[in-house]
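Here is a briefing on the chain shown below.

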Amino acid sequence: MTITSYNPADPADLVVAVEEPGAQAVRDAVGRAAAAQPGWLAAGAGARSAALGRIADAVEAHADELAALIVREVGKPLAEARGEVARTAAIWRYYAQAPFTPSGAVHETAAGPGLLLTRRRPYGVAGLIAPWNFPLAIPTWKAAPALAVGNTAVLKPAPEATACALRLAELVAAAGLPADVFTVLPGGAEEGAALVDAADVVSFTGSTGVGRAVVRAATERGVPVQAELGGLNAALVLPDADIALAANHIAAAVAGYAGQKCTATSRVIAVGAAYEPLRDALVKALELVDDSVCGPVINAAARDRLTGAVATATAAGATLLTGGRAPERDGWYVEPALLTDVPAEHPLAREEFFGPIALLHAAADLDEAIALANDTPHSLSTSVHTGSLDVALAAADRLDAGMIRVNAPSSGVDFHLPFGGAKGASHGDREQGQAALDFYTVSRTVSVLPGGGA
Ligand code: NAD
C-alpha cells in the first residue's frame with residue numbers, strides 16, 4: 001500500500017507518495033531507537049541542550065519553506081502556517097533549556113547521616129502518534145520534551161501530514177542528532193498500532209475513538225500513555241461583554257483553519273440580552289471570513305461529511321443563519337456556518353465535527369450557560385466573553401474544561417503551560433510546559449547511606 005497526501009486547495013497536486021513501511025519496520029525502528037537511547041542519555045545535558053537548540057535554529061532558517069509546505073500539504077492559511085513554524089522553533093528552544101533544570105530533590109533521612117534523593121529518569125523509546133492539523137507543532141511538542149530528558153523517539157505522523165514530518169526529520173538529522181535518536185516512520189493505523197505495541201512510553205493526539213483504542217492497548221502492556229482527543233468546545237457570551245470583540249474572537253475560533261483545531265469553537269452560548277446582538281455580529285463576522293483565515297478542509301470526505309451534517313440538521317428543524325455550502329471551486333472548501341435550533345440528539349450537537357460550523361444556543365442566565373457548556377464529554381477548551389470579574393471567576397471555578405479562556409478565542413495554546421482536556425477529551429498527564437517533562441520521565445527514590453568505612 002502507498003501513503004499519499006494531496007493539497008487540499010488543489011486536489012490534483014500530489015504532495016507526497018511513500019510506500020507504507022508495515023508493522024515490522026516499526027518494530028525495527030523502535031529496536032534501533034532503543035539501542036541508541038543509552039548513548040543519547042549518557043551524552044549529557046549539555047549535548048542534548050545544544051542539539052535541541054540547533055534544531056530550533058534549523059527550523060527558523062527554513063521558516064518560509066516550512067510554512068509553504070504546511071500550506072500545501074494540509075491547507076493551513078499562510079499566516080497560521082507561519083505562526084506554527086515560529087512556535088515550532090520556540091518549542092525546540094524552550095525544551096533546549098530543560099536538560100539543565102533540576103531532575104529531583106534531596107530529602108533528610110529520618111535519622112542518622114545519609115542522603116535521600118528523588119531523581120527523574122527517561123523511559124527509553126517514546127512512541128509518538130500525531131494528527132495532521134498541526135503537522136510540525138504537535139510532533140515537536142511531543143518529541144522535544146521526550147528527547148530533552150534522554151529518551152529517543154519514534155514519530156508516526158498522520159498520513160495527510162507525511163511530507164511535513166519527513167522534512168522535520170531531515171532538519172533534525174542535519175542539526176546533528178545522532179542516528180536513530182529521532183525517527184519519523186510514515187504510516188497509518190497498522191504502523192500506529194505497532195508503535196503502541198513496542199514503545200516504552202506512548203503519546204497520542206488525534207480523534208476520540210482511535211485514542212481510546214491506543215490507551216487500552218498501552219495500558220494492557222503496562223506502559224505510560226497520554227492521549228489528547230477531540231473537543232466540542234463552547235464560547236459563553238454575557239450581555240456585559242464587548243459584543244463586537246466577542247464576535248470577532250468567536251468567528252476566528254469557529255472558522256480559523258476551517259475549524260480544524262481541537263480547540264475550535266463549535267457551540268456558542270449567548271446569555272440573555274446578548275443573544276440578538278451576538279447573533280447578528282457573528283453572522284456578519286463569519287461572512288467576512290475569507291481564504292486567508294478559513295482555507296479548505298483536509299479532504300473530500302470531510303467536506304461531504306460537513307455539508308451532509310448541515311443538510312440533515314436543517315431537515316430536522318435547524319435554522320441555517322449563514323454558510324454551510326461547498327462553493328463551486330477547486331479544493332475542498334466549506335463556507336463557515338452558523339446554525340440555531342439544532343435538535344439535541346443530532347450529531348452536530350453531540351460529536352466533534354472538525355469543520356467551520358458552530359451552533360448558537362440561548363441561555364437564560366450564567367448558571368444555564370455553564371450547565372450547557374459542561375453538557376459534553378468532549379470538554380477541551382471553553383471561552384467566556386464578559387466585562388465582569390465575578391463572571392470570569394465563576395467560570396474558572398465551575399467550567400469543566402481543560403482550558404478556560406476569558407475574553408480570548410477558545411483556540412490558542414501557550415506552549416509553556418500544561419495543555420489538555422477534561423473528561424473524555426483527554427487521558428493521562430498533560431502535554432507541554434513542565435508537565436511534558438514529567439510525563440516522559442519516571443521518578444526513582446535513591447537512599448545513600450554511609451558505607452561504614454569512614
Ligand atoms: P486520527 O485519530 O484519525 O489519527 C491520529 C493518528 O492516529 C494518525 O497518525 C493516525 O494514522 C493514527 N492512527 C489511526 N489508527 C490508529 C490505530 N489503530 N492505532 C494507532 N494509531 C492510529 O486523527 P486525525 O484525523 O489525524 O486528527 C484530527 C483529530 O485530532 C481531531 O479529532 C482533533 O480534535 C484531534 N486533535 C486533538 C488535539 C488535542 O490536543 N486534544 C490536537 C490536535 C488534534
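Threonine 382 sits in strand S16, residues 381-385. Helices (H or I, at least four residues) and strands (E, at least two) are DSSP runs numbered from the N terminus. The model is predicted: local features need pLDDT of at least 70, side-chain atom pairs count only at pLDDT 80 or more, and totals for chains, interfaces and linings use all residues. Residues are numbered from 1 along each chain as its sequence is written, and side-chain values use heavy atoms, with hydrogens and water left out.

**Threonine 382**
- Threonine 382 counts as buried because its relative accessibility is 5%. Buried means under 20% relative accessible area, exposed over 50%, and partly exposed in between (1.4 Å probe, protein chains only).
- Beyond four places in sequence, threonine 382 is in contact with Ala234, Leu236, Leu399, Ala401, Met403, Ile404 and Arg405. Contact means heavy atoms within 4.5 Å.

**Lysine 142 and helix H5**
- Lysine 142 belongs to helix H5, residues 137-148.
- Lysine 142 has 0% relative accessibility and so counts as buried.
- The side chains of lysine 142 and threonine 205 make a polar contact at 2.7 Å. Such a contact is a pair of N or O atoms within 3.5 Å; within protein, one must be able to donate a hydrogen and the other to accept it, and residues adjacent in sequence count only if both atoms are side-chain atoms.
- Apart from neighbours within four places in sequence, lysine 142 is in contact with Leu128, Ile129, Ser203, Phe204, Thr205, Glu431 and Tyr440.

**Nonpolar cores**
- The largest nonpolar core holds 111 residues, and Trp92, Leu147 and Phe182 have the most contacts inside it. A nonpolar core is a set of buried Ala, Val, Leu, Ile, Met, Phe, Trp, Tyr and Cys residues joined through side-chain atoms within 4.5 Å.
- H5 gives this core its largest share, 8 residues.
- Another core lies apart from it, with 22 residues, among them Ala194, Val196, Val223 and Val225.
- Leucine 147 is in contact with Trp40, Arg48, Leu52, Trp92, Thr152, Ala153, Leu177, Val181 and Phe182, leaving aside neighbours within four places in sequence.

**Alanine 218**
- Alanine 218 lies in helix H8. It counts as buried because its relative accessibility is 0%.
- Alanine 218 touches Val196, Val202, Val223 and Val225, not counting residues up to four places away in sequence.
- Alanine 193 is 25 residues from alanine 218 in sequence, and their C-alpha atoms are 9.6 Å apart.

**Largest pocket**
- The largest pocket has a volume of about 850 Å³. On a 1 Å grid over the protein atoms alone, a pocket is an open set of points with protein on both sides within 12 Å along at least five of seven lines, a cavity is a set where a 1.4 Å probe fits but cannot get out, and lining residues have an atom within 4 Å of a point. Points are joined across faces, edges and corners, and a volume is the space filled by probe spheres set on them.
- Its lining has 41 residues, with Trp132, Phe204, Gly206, Ser207 and Val210 nearest the centre.
- H11 supplies the largest share of this lining, 5 residues.

**Largest cavity**
- The count is 1 cavity of 30 Å³ or more.
- About 90 Å³ of space lies in the largest cavity.
- Among its 15 lining residues, Gly259, Ala264, Ser266, Phe354 and Gly355 lie nearest the centre.
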